[in-house]
Amino acid sequence: MALHDVKVPQLSESVAEAALLQWKKQPGEAVAQDEILIEIETDKVVLEVPAPAAGVLSEHVKANGDMVVSDEVIARIDTDAKAGASSPSAKPAESAKAAPASPTAAATGSTAAALPAAAKLMAETGLSVAQGSGKGGRITKGDVLAAQSAQAAVGSAPTAVVASPAASSSTSGSPAAIPAPVSTSSLPSVNAVIGPEAMLEGRPEQRVPMSRLRARVAERLLQSQASNAILTTFNEVNMAPVMALRKQYVDRFEKEHGVKLGFMSFFVKAAVAALKKYPVLNASVDGNDIVYHGYFDIGIAVGSPRGLVVPIIRNADQLTFAEIEKTISDFGVRAREGKITLEELTGGTFSISNGGVFGSMLSTPIINPPQSAILGIHATKDRPVVENGQVVIRPMNYLAMSYDHRIIDGREAVLGLVTMKDALEDPARLLLEI
């Protein structure tokens, strides 16, 4: 017998531990080299663990939901065994507590591959989704939620709905039965799985533990508010010049570069212009020291099925508009697929959060530590403004910049935001760097 250890990949220095999600292979099953055996969830990303060698999975050293660290052995592969043969090293207890096979296959009858969040949700609800809307037909969490809503609409209650005792007794002559608790061993997603229709029936409740990403985000936000003297300054910008420039070149830009010309590249360029002019906005605090960064790594807040992530555009000052747009587009796609890497989430000297895509009109963004400032942009709406003594209608966008008042004075914060406003209202400045 030749046993080959399956180990946890090397995690980032900032990640102490990770959680096993769901085994895709059970002991006794054949595995091919590089076949994905399980996903591992850290507080930043989901990592896939491939089989290091071909053979038969001998045992699960760690079960679904267990916490693991870098290089820890989580399973073993017998490279000499044949599928179906019993392995003397397999532990019955380990096999018994292993979760069922991935819901993308036998458990759900689905033939399409599922993203980790979707796979977990299907396992919890028992739903089957045959075809997904993700890249290559992969099943997304949104596909599962849509299927669940459709099921609820025809009167089939989701398996995770916990009925209130009061509601149950009002419809039945006997005392309400206490429902069995929902298993949390597979680390369910942060989003509730009760369908919107079911939420309006009776008085249901559901308790769902935070995902590691959500818990980490909560921890960092509390850390930011507790350790930074956060203040927010506001301004408004007339987006008409940017919109006119974009409209004029949007088709030629896409034909030339293979990516659409959006608005985020203008905001990134405007932010870099302000950071160059007022370096303290690009600085961070380390103990009693102020660290000034001679580079511009801009974090872009991106929504994903697992929650908010902030991948970093490295050396944004050296990138063209097309390179920035391609990077942001790539981040958006891979965030939805859970493919953002740890390295892409590490670092950053300044962040931009775009609540406007969801319709936000005004907000006070929270600093992403150890950074000292963050720009919040919002929905562009036609509003009456005064120009040269006349009331005119212009597409206006409110800008909000939160900053750490320990090292950034109001002067630098306000003038930095004005620099962004001036650059956006005269985008030629971004090209000429003036």
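View 1. Glu48 is partly exposed, with a relative accessible area of 32% (partly exposed lies between buried, under 20%, and exposed, over 50%, using a 1.4 Å probe and protein chains only). In this predicted model, local features need pLDDT of at least 70 and side-chain atom pairs pLDDT 80 or more, while totals for chains, interfaces and linings use all residues. Residues are numbered from 1 along each chain as its sequence is written, and side-chain values use heavy atoms, leaving out hydrogens and water. Here the side chain of Glu48 meets that of Lys339 in a salt bridge, 3.1 Å from N to O (a Lys or Arg side-chain nitrogen within 4 Å of an Asp or Glu carboxyl oxygen). The partners are 291 residues apart: Glu48 sits in strand β5, Lys339 in the loop between α9 (321-336) and β16 (350-354). Helices (H or I, at least four residues) and strands (E, at least two) are DSSP runs, numbered from the N terminus.

**View 2. The salt bridge of Arg76 and Glu59.** These two side chains come to 2.9 Å, N to O. Arg76 belongs to strand β8 (residues 73-78) and Glu59 to strand β6 (residues 55-60), so the pair ties together parts 17 residues apart in sequence. Glu59 is buried, at 5% relative accessible area, whereas Arg76 is partly exposed at 24%.

View 3. Lys421 is buried, with 18% relative accessible area, and Glu425 is partly exposed, with 27%.
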